[in-house]
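Good morning, colleagues. Please look at the structure as I speak.

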Amino acid sequence: MLRPIRVLAAAAAALALVSACNSASNGSQPGTPGEAAGTTRGVSAGSIKVGGIVSMTSASGYSKKDTDLGARARYLRANAEGGINGRTIDYIGAEDDGQDPGKNLAAARKLVQQDKVFAVAPMSSVTFSGADFLEQEKVPTFGWGTLPSFCGPRYIYGFNGCLVPSPGGTLNQTWPEGIAQVLGGAKGKSVALIANDSDAGKFGIRTFQQGFASAGFEVAYAKASVPGTAVPSDWSAYVKDILAGAGGKAPDAVVSVMQTPNNIGLFTALKRAGYQGLLSDPTDYDPALLAKDTTKQALDGVHVLLQFEPFESANPKMDQFKADIKAASGGREVPLNMHMLTGYMSADLFVSIAQKAGKDLTVAHFQNAAQSFSDTGTLVGDRAEPKGQKESFGCGALVRLKNGAYEVSVPFKCYEPIPFK
């Protein structure tokens with residue numbers, strides 16, 4: 001049975017901090033080859049225990065809380081269809097890491113050492129300090145592969161592959177190729193890239209700088225300079241630098257690798273400065289943002305990168321997703337957002353691999369199944385492991401906010417990835 005999301009009381013939070021100080025081996029049972037299902041952490045004769053780590057709250061006010069709803073929706077359907085090889089999924093909900101590295105690690109330790117989960121799905125945050133611990137404890141973990149920790153480790157999987165590879169991997173070209181389509185080609189066009197001064201921001205700048213250059217753009221500006229802990233009250237210095245990036249000429253496109261509060265401030269300031277070029281970001285696909293006129297005006301015309309089928313798609317699998325979200329919401333119609341899809345597809349990849357692993361579910365058997373896993377036509381395109389631990393699945397789309405509604409500006413398509421240097 002699925003449990004409701006638990007709000008941590010002070011005592012529970014203190015317990016999580018205490019457990020974070022314990023040795024990584026205390027109280028955990030890492031999966032080892034030859035283990036029996038009866039001794040596998042989180043697996044009983046009738047259930048599989050799974051938890052999540054999600055930034056429900058943050059200092060900037062940005063929240064990924066609906067990631068938990070998306071995962072819950074997928075697990076509910078799996079259970080309604082008989083579970084995974086006869087076992088129901090006991091989803092205990094997601095821990096809130098507040099986008100804080102210390103809390104992220106504490107959440108990972110709590111899920112493994114105290115709750116004794118078999119897997120963590122979803123993991124959605126801009127920080128993943130718990131990655132080494134989860135890898136060491138051999139905990140299959142699934143999330144959005146926007147951090148380096150999703151690229152290389154054996155037990156950590158991105159639902160649409162590895163998006164921040166190390167040298168020798170590949171880069172997803174959805175964003176630069178999509179923007180090139182909107183602009184009528186990349187030749188002679190310039191782009192400015194801006195991100196937060198964080199690990200995720202720095203890696204984002206590094207990867208997208210190479211991707212846009214490879215697509216034929218001149219990268220006129222590329223900085224991870226915006227504070228990651230608080231939204232600037234004055235964007236004038238950033239706007240001045242961006243608009244002067246191409247030899248004193250405004251770039252043809254400004255691409256923000258940041259979250260909604262920063263995007264609203266930056267795009268509003270750019271528009272007030274008279275900027276007429278293309279604006280794009282990877283986060284602002286959320287109907288709830290349209291409730292406020294100021295937000296709607298700030299994001300009007302912005303092209304948002306998606307790495308899944310748009311909600312406006314006629315794909316039957318999108319119809320299934322919408323039905324599952326409605327069921328998980330108690331039959332209510334709720335505004336859809338990309339965080340729901342993040343949780344849903346993280347859970348979906350876990351369910352699909354676990355199903356292939358068979359009735360005798362151990363970590364070793366799960367990993368063996370993952371080593372030859374593939375399927376086609378999902379909401380993130382064609383999936384394959386272990387390919388996805390080294391490179392992106394290469395698919396995506398762009399949507400644009402126009403007159404208070406989203407419309408598809410570049411349809412969902414898969415692009416050939418490029419080598420990352």
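A disulfide joins Cys 395 to Cys 414, with 2.0 Å from S to S; a disulfide here is a pair of cysteine sulfur atoms within 2.5 Å. Before I continue, please note that this is a predicted model, in which local features need pLDDT of at least 70 and side-chain atom pairs count only at pLDDT 80 or more, while totals for chains, interfaces and linings use all residues. Residues are numbered from 1 along each chain as its sequence is written, and side-chain values use heavy atoms, with hydrogens and water left out.

The link of Cys 395 and Cys 414 is right-handed, with 95° about the S-S bond. It connects distant parts of the chain, 19 residues apart: Cys 395 belongs to strand β14 (residues 395-402) and Cys 414 to strand β15 (residues 405-414). Helices (H or I, at least four residues) and strands (E, at least two) are DSSP runs, numbered from the N terminus.

Is each of these two cysteines buried or exposed? Cys 395 counts as buried because its relative accessibility is 3%, whereas Cys 414 is partly exposed, at 43% relative accessible area. Buried means under 20% relative accessible area, exposed over 50%, and partly exposed in between, with a 1.4 Å probe and protein chains only.

How many disulfides does the structure hold? There are 2. Cys 151 and Cys 162 form a disulfide as well, their sulfur atoms lying 2.0 Å apart. Cys 151 sits in the loop between β4 (141-143) and β5 (156-158), and Cys 162 in the loop between β5 and β6 (170-171), so this pair ties together parts 11 residues apart in sequence. The link of Cys 151 and Cys 162 is right-handed, with 105° about the S-S bond, and both cysteines are buried. In sequence order, the bonded cysteines pair 1-2, 3-4.

I turn now to the sheet. Five strands form an open sheet in the order β2-β1-β3-β4-β5, with parallel pairing; two strands pair if DSSP finds at least two bridges between them. Strands β2 (88-96) and β5 stand at the edges with a single partner each, so one side of each has no neighbour in the sheet. Strand β3 (residues 119-124) runs parallel to β4, joined to it by 2 bridges, and Val 120 stands opposite Thr 141 in β4.
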